[in-house]
Amino acid sequence: MKTALLWLQRLFLVCSIAFLVTVFLQNRTDIVSIFALASYSGLATAILFWVLATLVMPAIAFTILRDRKNSITFRTLLSIHLNRIPSKFLPGGVWQTFARVYDMKNIGISKTDISLVVLYEGTYAIILGAIVSTLGIYLFSSNELYSTLASILFLGSIATIPLAHYFRKRSFILSITAYAQLTAVCTVFWVFSAGAFYSYMSAIGMVVASDGVFLTVVYYLFSFVVGFVSIFAPQGIGVF
């Protein structure tokens, strides 16, 4: 079974590369014109930021599992995360999570602890991102409609916090130290991912000067959150 899955992964990788090459060939005129005017240093910076964001992501699982007294290393979780990246781009956006759950189960992590990892990976960073982005839009956007909607969504994000009482009854609450670490990890992830977005958009000349760095980043963060929580939509569809 494992051999068959390995070959399926290799086949998927080949098909993905073939698909990308086909898209580039079909749209080569537009792509060449865009990148002829692009800043290559900006593109390199965007790639660097996104690589760093990818390397930070396993720290969420590491923080949770360590708080639950698991002896797993960050290196092991990073290896699992990187090896399962191709699954992230299958339709649905959840297959990397399923693959990582399979890997964590195989190295002896309990179902409860794995459930906690999935729960917090799918909620903590998104709630934090929603709170920061909606508050930022409310305070700094000159569009009255955007500000009004953002204030409503900000209150809705805050309203999710009492769910902690429900999680406590299910023994899903972590230590205060773990929450502080999760907040730090998620903040670093958002900084890196927002930096990648801004660097890329700046490199191809698509940043609106009137918005400025902060508002551009806040809009990106909000659209990422919307895309992530949209039912049956690829994660991040709001950005595209």
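This is a predicted model: local features need pLDDT of at least 70, side-chain atom pairs count only at pLDDT 80 or more; totals for chains, interfaces and linings use all residues.

Biologist: Why is the aromatic pair of W50 and F189 called tilted?

Modeller: Rings of Phe, Tyr and Trp (its six-membered ring) pair if their centres lie within 6.5 Å; planes under 30 degrees apart count as stacked, over 60 as edge-to-face and the rest as tilted. The centres of W50 and F189 are 6.4 Å apart and the angle between the planes is 55°, so the pair is tilted.

Biologist: What makes this pair tie together parts that are 139 residues apart in sequence?

Modeller: W50 lies in helix α3 (residues 40-56), whereas F189 lies in helix α10 (residues 176-203), so the pair links these parts. Helices here are DSSP runs (H or I, at least four residues), numbered from the N terminus.

Biologist: Why does F189 count as buried, and why is W50 partly exposed?

Modeller: Buried means under 20% relative accessible area, exposed over 50%, and partly exposed in between (1.4 Å probe, protein chains only). F189 has 9% and is therefore buried; W50 has 37% and is therefore partly exposed.

Biologist: Why is the pair of Y220 and F224 edge-to-face?

Modeller: The planes of Y220 and F224 stand at 70° with the ring centres 5.9 Å apart, so the pair is edge-to-face. Both residues lie in helix α11 (residues 212-229), four residues apart, about one turn of the helix. W50, F189, W190, F197, Y220 and F224 form one aromatic cluster.

Biologist: How do you know that α7 and α8 are roughly antiparallel?

Modeller: Angles under 35 degrees count as roughly parallel, over 145 as roughly antiparallel, 65 to 115 as roughly perpendicular and the rest as oblique. The axes of α7 (residues 111-140) and α8 (residues 144-158) come within 8 Å and cross at roughly 150°. The two helices are therefore roughly antiparallel to each other.

Biologist: Why does S133 count as buried?

Modeller: S133, which is placed in helix α7, has 0% relative accessibility and therefore counts as buried. Leaving aside neighbours within four places in sequence, S133 is in contact (heavy atoms within 4.5 Å) with V218, L221 and F222.

Note on methods: Residues are numbered from 1 along each chain as its sequence is written. Side-chain values use heavy atoms; hydrogens and water are left out. Axes are lines fitted to C-alpha atoms, for helices over the stretch in contact, and angles run from 0 to 180 degrees between N-to-C directions.
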